[in-house]
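User: Hi! Could you walk me through this model, starting with how the helices sit against each other?

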Amino acid sequence: MGVFAKCSFLVELDISGCFLVTDYIVHTIIYTCKRLEILCIRNCRKVTDKSLYSLVKLAKSSCSTSQIRSLHVGGIINLTEKGIYHLISNHPNMTNFTCLCLAGIPLNESILDEMSTR
């Protein structure tokens with residue numbers, strides 16, 4: 001947790017292309033930086049669906065203060081259609097998102113339908 005414990009007022013974080021960023025680091029960021037609104041983790045190649053599930057879990061928790069409204073995950077090769085669908089269909093604040101960047105991630109018809117519904 002180290003450095004992120006001192007970032008409680010952080011609103012925007014762009015760590016795109018940082019190849020050492022893992023699901024554990026993303027998890028730590030979203031649970032520690034309570035005011036975070038914009039998270040850019042494009043091309044962080046060690047990130048998987050676990051990070052998307054953490055985002056949903058935090059947003060759904062009863063003590064959630066999650067403020068994320070813009071998420072950039074394009075180019076993350078380990079994200080699956082299942083993980084993207086889970087994020088879109090289960091994140092309680094998805095209708096409040098101002099940006100969801102999925103560049104380079106294959107999307108199936110069910111994901112596109114869910115996105116248009118939300």
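Analyst: Happy to. One term before we start: contact means heavy atoms within 4.5 Å. Helices (H or I, at least four residues) and strands (E, at least two) are DSSP runs, numbered from the N terminus.

User: Good. What kind of model is this, and how are residues numbered?

Analyst: This is a predicted model, where local features need pLDDT of at least 70, side-chain atom pairs count only at pLDDT 80 or more, and totals for chains, interfaces and linings use all residues. Residues are numbered from 1 along each chain as its sequence is written, and side-chain values use heavy atoms, with hydrogens and water left out.

User: Thanks. Which residues of α2 meet α3?

Analyst: From α2 you have D49, L52, Y53, L55, V56 and K60, and they meet K82, G83, I84, H86, L87 and N90 of α3. By class, that contact has six nonpolar, three polar and three charged residues. Here Ala, Val, Leu, Ile, Met, Phe, Trp, Tyr, Cys and Pro count as nonpolar, Asp, Glu, Lys and Arg as charged, and the others, Gly among them, as polar.

User: And at what angle do α2 and α3 pack?

Analyst: Helix α2 covers residues 49–60 and helix α3 residues 81–90; they pack at an angle of about 15°, with their axes 9 Å apart. The axes are lines fitted to C-alpha atoms, for helices over the stretch in contact, and angles run from 0 to 180 degrees between N-to-C directions.

User: Which hand does the crossing of α2 and α3 have, left or right?

Analyst: Left-handed. A crossing gets that name if the near helix is turned anticlockwise from the far one by less than a right angle, and right-handed if clockwise.

User: Now α1 and α2. How do their axes cross?

Analyst: Helix α1 (residues 23–32) and α2 have axes that come within 9 Å and cross at roughly 20°. That makes α1 roughly parallel to α2. The crossing of this pair is right-handed. On the α1 side the contact is made by D23, V26, H27, I30 and Y31, and on the α2 side by K50, S51, S54, L55, K57 and L58. Sorted by class, there are five nonpolar, three polar and three charged residues in it.

User: Which α1 residues are buried?

Analyst: D23, V26, T28, I29, I30 and T32. Buried means under 20% relative accessible area, exposed over 50%, partly exposed in between (1.4 Å probe, protein chains only). The cover over the buried α1 residues includes β1 (12–14), β2 (38–40) and α2.

User: What covers the buried residues of α3?

Analyst: The cover includes α2, β3 (70–72), β4 and α4 (109–117). The buried residues themselves are G83, I84, H86, L87, I88 and S89.

User: Which residues touch the most other members of the largest nonpolar core?

Analyst: L39, I41, L71, V73 and I84, out of 29 residues. A nonpolar core is a set of buried Ala, Val, Leu, Ile, Met, Phe, Trp, Tyr and Cys residues joined through side-chain atoms within 4.5 Å. α2 gives the most to this core, with four residues.

Key: Angles under 35 degrees count as roughly parallel, over 145 as roughly antiparallel, 65 to 115 as roughly perpendicular and the rest as oblique.
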